[in-house]
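Please keep the sequence and the coordinates in view while reading.

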Amino acid sequence: MATLPVYRWRLAPDGFATRRQLRARGLRPGGQDVAAQLERPRRRRGPLVAYLYRVDLAKPVRPMTPGRWEALAKANAARRWCPSCRRDAGYVIPTSLGTCVPCSFPSASL
């Protein structure tokens, strides 16, 4: 097994990008293996690691189909429904609460 080249933070050569950088360019890794990694040193802990992919091997992002748009809309709508009172909260319910704010804090209602 070959070891990956390791670069220090902000010193990677041109032609490499992280997943987020690829996405900002409208690209995706497209099945390629990790080509290198970045390491950002930290005090008292291990370094932060970011994996790099080759830009020349990246593929364009797949377009959203009508079915994907519909599934995404349903998933986002499901995050707004309170499981306790079965109403649309009008906002995404925080996972830390698990229910809408009035159901989580009934004594705080006006």
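## A loop glycine and the basis of the model

Gly30 counts as partly exposed, because its relative accessibility is 25%, where buried means under 20% relative accessible area, exposed means over 50% and partly exposed lies in between, with a 1.4 Å probe and protein chains only. Gly30 is found in the loop between β3 (27-28) and β4; helices (H or I, at least four residues) and strands (E, at least two) are DSSP runs, numbered from the N terminus. The C-alpha atoms of Gly30 and Pro60 are separated by 8.1 Å, although the two residues are 30 residues apart along the chain.

This is a predicted model, in which local features need pLDDT of at least 70 and side-chain atom pairs count only at pLDDT 80 or more, while totals for chains, interfaces and linings use all residues. Residues are numbered from 1 along each chain as its sequence is written, and side-chain values use heavy atoms, with hydrogens and water left out.

## The sheet

Strands of a sheet pair through backbone hydrogen bonds, and they do so either parallel or antiparallel. Here, 4 strands form an open sheet with mixed pairing, in the order β1-β4-β5-β2. The edge strands are β1 (6-8) and β2 (16-17), each of which pairs on one side only; two strands are taken to pair if DSSP finds at least two bridges between them.

The strands β1 and β4 run parallel and are joined by 3 bridges, and within this pairing Arg8 stands opposite Glu39 in β4. Strand β4 (residues 36-40) is in turn joined to β5 by 5 bridges, and these two strands run antiparallel. Across that pairing, Ala36 has Leu52 of β5 as its bridge partner, and Leu38 has Ala50 of β5. On the β2 side, 2 bridges join β2 to strand β5 (residues 48-54), again with an antiparallel course, and Phe16 stands opposite Arg54 in β5.

## Aromatic rings

A pair of aromatic rings is described by the distance of the centres and the angle of the planes. Rings of Phe, Tyr and Trp (its six-membered ring) pair if their centres lie within 6.5 Å, and planes under 30 degrees apart count as stacked, over 60 as edge-to-face and the rest as tilted. By this rule the count comes to 1 aromatic pair, which is formed by Tyr7 and Phe16 and is tilted, with 6.1 Å centre to centre and 45° between the planes. Tyr7 is partly exposed because its relative accessibility is 24%, and Phe16 is likewise partly exposed, at a relative accessible area of 21%.

The ring of Trp9 has the charged end of Arg40 over it, 5.6 Å from the ring centre. For such a contact, NZ of Lys or CZ of Arg must be within 6 Å of the ring centre and within 35 degrees of the ring normal.

## Salt bridges

Side chains of opposite charge can pair when their charged atoms come close. The structure holds 3 salt bridges, each defined as a side-chain nitrogen of Lys or Arg within 4 Å of a carboxyl oxygen of Asp or Glu. Arg54 forms one of them with Asp56, at 2.7 Å from N to O; Arg54 is partly exposed at 34% relative accessibility, whereas Asp56 counts as exposed at 56%.

A salt bridge also joins Glu70 and Lys74, at 3.5 Å from N to O. Both residues lie in helix α2 (residues 66-78), 4 residues apart, about one turn of the helix. Glu70 is partly exposed, with a relative accessible area of 48%, and Lys74 counts as exposed at 57% relative accessibility. Arg80 and Asp88 meet in a further salt bridge, with an N to O distance of 3.2 Å; Arg80 is partly exposed at 30%, and Asp88 is partly exposed at 40%.

## A nonpolar surface patch

Tyr91, Leu97, Val101 and Phe105 form a nonpolar patch on the surface, with about 320 Å² of accessible area together. Patches are made of residues with over 30% relative accessible area and no salt bridge, where like charges are joined within 9 Å and nonpolar side chains (Val, Leu, Ile, Met, Phe, Trp, Tyr) within 5 Å. Accessible areas come from the Shrake-Rupley method with a 1.4 Å probe, and for residues only the protein chains shown count as cover. Phe105 lies in the segment after α3 (101-104) and is partly exposed, with a relative accessible area of 44%.
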